[in-house]
Amino acid sequence: MFNGKDLKGWDVYLKAPIGLNQDPHHVFSVVKDGEESVIRISGEDVGAITTVKEFADYHLQLLFRWGLQSWGSKKGKKKDSGLLYHSVGPYGADYGAWMRSQEFQIQEGDCGDYWGCAGGIAAIPSVRVNDSNYVYDPAGAMFSFRADAKIGRHCIKRGDAEKATGEWNQLDLYCHGDTSVHVVNGVVMMVLYHNAQVDSGSVRPLTKGRIQLQSEGAEVFYKQVRIQGIDRIPGEVLN
């Protein structure tokens, strides 16, 4: 998905007033990391690069590491980005910056969390740890995470497999049918079922779409962004 030379195959969208395929501050670029070309996202403006194509039933793998810079309200806080999948509908639907989608959170200490963006829904087995936080647990009760529900649209991953800031981390995302799995450095963070969306008050499946990599106030680098079709999610991942 990344050809190692440029961002061909990706669109750029930055929060208004910048808009589509305009990048005055060069938030998104391809730079050298030693002998290898990588995607640099500066984080200065909020938005994302978005695949031109849609995808369904796939295994997506990428490597990321944090840079040093942070900006605006994120300065001095946890470095933040995100892998948004099954992205559909208009740009800017979530926070004026991102499409309706499911988020595989990429944030220091929180890699693997789930957020439903602009109407994204997922059913996730979880346990309640306090009034507002639920943590993935395969033996827990099944909760539907959505913005218009009392429990909200955020589920916390189980465990922590992220490497120290500055080291490369491997993320694997498996999607098949209405199920998806978030994996960080070979460790399953959560399994999501019944991926869906609220659309004009009705619930519809959300099983395919474009892929977005967020710019959200922090410098981050991506490389070896690869995808392949699958006819099932491997049993060892689901179990």
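Guide: Let's start with two aromatic residues, Phe64 and Tyr222: Phe64 is buried, and Tyr222 is buried as well. Please keep in mind that this is a predicted model. The ring centres of Phe64 and Tyr222 lie 6.4 Å apart, and their planes meet at 40°, so this pair is tilted. Now look at where the two partners sit along the chain. Phe64 belongs to strand 6 (residues 58-70) and Tyr222 to strand 19 (residues 218-229), so their pairing ties together parts that are 158 residues apart in sequence.

Phe64 has another ring partner, Trp66. Both Phe64 and Trp66 are buried. Their ring centres are 5.4 Å apart and the planes stand at 75°, so this pair is edge-to-face. Put together, the ring pairs join Phe64, Trp66 and Tyr222 into a cluster. Across the structure there are seven aromatic pairs.

With 16% relative accessibility, Arg65 counts as buried. Setting aside residues up to four places away in sequence, Arg65 touches Asp33, Gly166, Glu167, Trp168, Val220 and Phe221. To get a sense of distance, pick out Met190: it is 125 residues from Arg65 along the chain, and the C-alpha atoms of the two are separated by 21 Å.

Trp168, one of the residues that Arg65 touches, takes us to another kind of arrangement. Lys223 lies over the face of Trp168, at 4.3 Å from the ring centre.

Strand 8 gives the most, with three residues. Sorted by class, the lining has six nonpolar, eight polar and eight charged residues.

In the loop between strand 9 and strand 10 (120-128) you will find Ala118. Its phi is near 55°, a positive value in a residue other than glycine. Ala118 counts as partly exposed, at 23% relative accessibility. Asn21 also has a positive phi, of about 55°, although it is not a glycine. Asn21 sits in the loop between strand 2 and strand 3 (28-33), and it is partly exposed, with a relative accessible area of 42%.

Now follow the chain back to Pro17, which lies in the loop between strand 1 (10-14) and strand 2 (19-20). The peptide bond joining Ala16 and Pro17 is cis, with omega at about 15°.

Val184 lies in strand 15 (residues 179-184). It is buried, with a relative accessible area of 0%. Apart from its neighbours within four places in sequence, Val184 is in contact with Phe104, Cys111, Gly112, Ala161, Glu162, Gln170, Leu171 and Met189. Asn169 is 15 residues from Val184 in sequence, and their C-alpha atoms are 7.3 Å apart in space.

The other residue is Asn195, in strand 16 (residues 187-199). Is Asn195 buried or exposed? With a relative accessible area of 2%, Asn195 is buried. Not counting residues up to four places away in sequence, Asn195 touches Tyr85, Gln102, Ile121, Ala122, Asp178, Thr179, Ser180, Pro205 and Leu206.

Notes: Residues numbered from 1 in each chain as written. Predicted model: local features only at pLDDT ≥ 70, side-chain atom pairs only at ≥ 80, totals over all residues. Heavy atoms only, no water. Phe/Tyr/Trp six-rings, centres within 6.5 Å; stacked < 30°, edge-to-face > 60°. Buried < 20%, exposed > 50% of the residue type's maximum accessible area, 1.4 Å probe, protein only. Helix = DSSP H or I, 4+ residues; strand = E, 2+ residues; numbered from the N terminus. Lys NZ or Arg CZ within 6 Å of the ring centre and 35° of its normal. Contact = heavy atoms within 4.5 Å. Nonpolar A, V, L, I, M, F, W, Y, C, P; charged D, E, K, R; others polar.
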